[in-house]
Amino acid sequence: ARAQHTSELKARAAFNTQAASSLVILQGEYQRWQAYQPILASLFPSEDQIFAFRDEVKSLAQHHSLDIVFSFAGQEKGTATKSGFFNFQMSVSGNYDRFLNFLSDIEQGTYFVSFTSSNLDISNGAVSATISGKLLSR
């Protein structure tokens, strides 16, 4: 009985040592995560932050001397294992080369965006485009 009790105490001590080590590791990982959390939050905007994306897209269009009409068109909420997204649509018109630079700036921006469809009318160096896309969110 004494040998069994000693064995149980050793097993409990080993478990407690492992649990304490795991706690120290988790605390360190949590502190590292906190440093990246603001960056991740900006990459995946929440519902109340999506208008910053809209304003940034409009500002980029203005910077490239393009006319734009932008609207959101529904959303799919994220889950614990899958990010959500906001559907958007924009109509853009202006110089074709500036339009290409505008799209490049959006793709290189701080948001995860995918363009899902586009309808382009290109004539004499000008473009008129209707583009649908998704903005990934939390």
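V127 is found in strand β4, residues 126-137. Helices (H or I, at least four residues) and strands (E, at least two) are DSSP runs, numbered from the N terminus. The model is predicted, and for this reason local features need pLDDT of at least 70 and side-chain atom pairs count only at pLDDT 80 or more, while totals for chains, interfaces and linings use all residues. Residues are numbered from 1 along each chain as its sequence is written, and side-chain values use heavy atoms, with hydrogens and water left out.

With a relative accessibility of 4%, V127 counts as buried. Buried means under 20% relative accessible area, exposed means over 50%, and partly exposed is in between (1.4 Å probe, protein chains only). Not counting residues up to four places away in sequence, V127 touches V92, S93, G94, N95, Y96, F99, L120, D121 and I122. Contact here means heavy atoms within 4.5 Å. K77 is 50 residues from V127 along the chain, and the C-alpha atoms of the two are separated by 34 Å.

Strand β4 has partners. Two strands pair if DSSP finds at least two bridges between them. Strand β2 (residues 84-95) pairs with β4 in the antiparallel sense over 12 bridges, and N95 has A126 of β4 as its bridge partner. Strands β3 and β4 also run antiparallel, joined by 10 bridges. F115 stands opposite G133 in β4.

What lies between β3 and β4 in their hairpin? There are two residues between the strands, and in this hairpin N124 takes a positive phi near 50 degrees. N124 lies in the loop between β3 and β4, and at 80% relative accessibility N124 counts as exposed. Most residues other than glycine have a negative phi. S65 is found in the loop between α2 and β1.

H64 lies in that loop between α2 and β1 as well. H64 counts as buried, at 10% relative accessibility. Leaving aside neighbours within four places in sequence, H64 is in contact with R98, N101, F102 and D105.

The next topic is the aromatic rings. Rings of Phe, Tyr and Trp (its six-membered ring) pair if their centres lie within 6.5 Å; planes under 30 degrees apart count as stacked, over 60 as edge-to-face and the rest as tilted. By this rule the count comes to eight aromatic pairs. One of them is the edge-to-face pair of F51 and F72, at 6.0 Å centre to centre and 85 degrees between the planes. This pair links distant parts of the chain, since F51 is in helix α2 (residues 50-63) and F72 is in strand β1 (residues 67-76), 21 residues apart. F51 counts as partly exposed at 41% relative accessibility, and F72 counts as partly exposed at 23%.

F53 and Y111 form another edge-to-face pair, with 5.2 Å centre to centre and 70 degrees between the planes. F53 lies in helix α2 and Y111 in the loop between α3 (96-107) and β3 (113-123), so this pair ties together parts that are 58 residues apart in sequence. F53 is buried, with a relative accessible area of 2%, and Y111 is buried, with 14%. F51, F53, F70, F72, F86, F88, Y111 and F115 form one aromatic cluster.

Another ring, that of F85, has the charged end of K134 over it, 4.1 Å from the ring centre. A charge sits over a ring if NZ of Lys or CZ of Arg is within 6 Å of the ring centre and within 35 degrees of the ring normal.

Last comes the empty space inside. Rolling a probe the size of a water molecule over the atoms shows where empty space is left. On a 1 Å grid over the protein atoms alone, a cavity is a set of points where a 1.4 Å probe fits but cannot get out, and lining residues have an atom within 4 Å of a point. Grid points are joined across faces, edges and corners, and a volume is the space filled by probe spheres set on the points. How many cavities of 30 Å³ or more does a search of the whole structure find? The search finds one. About 50 Å³ of space lies in the largest cavity. F53, E56, V57, L60, D105, I106, G109, T110 and Y111 line this cavity. The elements that give two or more residues to the lining are α2 and α3, and α2 gives the most, with four residues.

Terms used: On a 1 Å grid over the protein atoms alone, a cavity is a set of points where a 1.4 Å probe fits but cannot get out, and a pocket is an open set with protein on both sides within 12 Å along at least five of seven lines; lining residues have an atom within 4 Å of a point.
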